[in-house]
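The sequence and the structure are shown first.

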Amino acid sequence: MREFKIPLPIARVLLDPVFRVTLNTRLPVAVQRALLDAVSLIQLVPDGSVVQHLQLGGRPAERVIAETAIPGSRTGAVPPERAAGAILYLHGGGYVVGSLTTHRSLVAHLAQETSCAVYALDYRLAPEHPLPAGLDDAEAAFLDLVHNVGYRPDQICLAGDSAGGGLALALAQRLIERHEMTPAALGLIAPWVDPTQVPAKARDLVINRAWSQACAAHYLGDGAATDAGYAPLTGNLLGLPPTYVQADVSELLHDQCCQLVSALRGAGVHVRFTETRGLWHVAQLQAALVTEAALALSELAEFLREAIQPVSIDDLR
């Protein structure tokens, strides 16, 4: 891939009409999904990315690994079944849109910079499959990585953006409560952790209040808004692994991210919080196009890599 970078102000101008059109409640969900898949094709995958299609927990998934992380690799080489560490990535999209296609570039960049296998899950979406379908799929995928692929829970990081970030947090809570399993770390990009909250602003560059509220209703279905699986911010935060939260100060979910960070710290969880200025909601998706977005994603990758493969005293000698 020959990378080209777009200056930040120009990127903002170009993306604004894209999201105004695609994330629009007047469009059928199927049309929103198709448009986002088509637009995402400009988000290129780094050279040397090996993408393997598979099933994880009974759902379609992709395993992405950087060719440089494969011992004795050559172009087109099939990666070993189990790398040293893994990241289970849950894509965003309000639990309604988003796919393996929309997030392949971001996932591949994470794989390249962590040297870990990154598993992206095609979990079921609302409104066809409301709560708890997506959470059930994520749980099954994690257990598959443990019981069938052979990772220990502390060799797997959970990561996700927006709704996928909320899903990652809810999954960590469920794994601890039901299975006594604690992942290595959580990497959350502007996580949507309480869909019951109505954003104060009408929109940011990417999402708007009407669309997010429609997504929240689709995802809840006939469920209870008090369910921690729906709003993990209200759930038990004790015992969660080290967590990194990223958000831009301009986005609708910034206040919610601040609430999450405060609550995690109050629960004794080790938290790192980065607030960018001038980016937008999940700008990390455009890491192949925007230098500032790539830098933010690199910081997340470093955090996850160190959680899976911590530096030992011997390494520092």
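Two strands pair if DSSP finds at least two bridges between them. The model examined here is a predicted one.

Eight strands make up an open sheet of mixed pairing, ordered 1-2-4-3-5-6-7-8. Its edges are formed by strand 1 (49-56) and strand 8 (271-276), each of which pairs on one side only. On average, and with direction ignored, neighbouring strands of this sheet are turned by 20° against each other.

## Strand 5 and its neighbours

Strand 5 (156-161) pairs in the parallel sense with strand 3 over five bridges. On this side, Ile87 stands opposite Cys157 of strand 5. Strand 5 also runs parallel to strand 6, to which five bridges join it. Here the bridge partner of Cys157 is Ala185 in strand 6.

Strand 5 is mostly covered, with six of its six residues buried. Ile156, Leu158 and Gly160 point one way from the strand, while Cys157, Ala159 and Asp161 point the other way; all are buried.

Which residues of strand 8 stand opposite Asp248 and Ala247? Strand 7 (residues 243-248) and strand 8 pair in the parallel sense over six bridges. Within this pairing, the bridge partner of Ala247 is Glu275 in strand 8. The chain passes from strand 7 through helix 7 (residues 254-266) to strand 8 in a right-handed β-α-β crossover. Asp248, in turn, stands opposite Thr276 of strand 8.

Helix 5 (residues 163-179) packs on the sheet and touches strand 3 (86-90), strand 5 and strand 6 (185-189). The direction of helix 5 makes about 145° with that of strand 5.

## Aromatic pairs

A pair of aromatic rings is described by the distance of the centres and the angle of the planes. The structure holds five aromatic pairs. In one of them, the rings of Tyr119 and Tyr151 have centres 6.4 Å apart and planes at 80°, so the pair is edge-to-face. This pair links distant parts of the chain, 32 residues apart: Tyr119 lies in strand 4 (residues 117-121) and Tyr151 in the loop between helix 4 (133-149) and strand 5. Tyr119 and Tyr151 are both buried.

Tyr244 and Phe303 form a tilted aromatic pair, with 5.3 Å from centre to centre and 50° between the planes. Here too, distant parts of the chain are linked: Tyr244 belongs to strand 7 and Phe303 to helix 8 (residues 291-308), 59 residues apart. Tyr244 counts as buried because its relative accessibility is 0%, and Phe303 is buried at a relative accessible area of 11%.

## Cysteines

The structure holds zero disulfides. For Cys215, the nearest cysteine sulfur is that of Cys257, 17 Å away, and Cys215 is in no disulfide. A disulfide requires two cysteine sulfur atoms within 2.5 Å. Cys257 is likewise in no disulfide, and its nearest cysteine sulfur, that of Cys258, lies 7.0 Å away.

Are Cys215 and Cys257 buried or exposed? Cys215 is buried, with a relative accessible area of 2%. Cys257 is also buried, its relative accessible area being 0%; the limit for a buried residue is under 20%.

## Backbone geometry in loops

Two cis peptide bonds may be described together. The bond from Ala126 to Pro127 is cis, with omega near 5°, and Pro127 is found in the loop between strand 4 and helix 4. A cis peptide bond also joins Leu131 and Pro132, with omega about 10°; Pro132 is likewise found in the loop between strand 4 and helix 4.

Positive phi values occur in residues other than glycine at Ser115, where phi is near 60°, and at Ser162, where phi is near 55°. Ser115 lies in the loop between helix 3 (100-114) and strand 4, and counts as partly exposed because its relative accessibility is 37%. Ser162 is placed in the loop between strand 5 and helix 5 and is buried, with a relative accessible area of 8%.

Methods: Residues are numbered from 1 along each chain as its sequence is written. This is a predicted model: local features need pLDDT of at least 70, side-chain atom pairs count only at pLDDT 80 or more; totals for chains, interfaces and linings use all residues. Side-chain values use heavy atoms; hydrogens and water are left out. Buried means under 20% relative accessible area, exposed over 50%, partly exposed in between (1.4 Å probe, protein chains only). Helices (H or I, at least four residues) and strands (E, at least two) are DSSP runs, numbered from the N terminus. Axes are lines fitted to C-alpha atoms, for helices over the stretch in contact, and angles run from 0 to 180 degrees between N-to-C directions. Contact means heavy atoms within 4.5 Å. A crossover is right-handed if, with the strands pointing away from the viewer, the path from the first strand over the helix to the second runs clockwise. Rings of Phe, Tyr and Trp (its six-membered ring) pair if their centres lie within 6.5 Å; planes under 30 degrees apart count as stacked, over 60 as edge-to-face and the rest as tilted.
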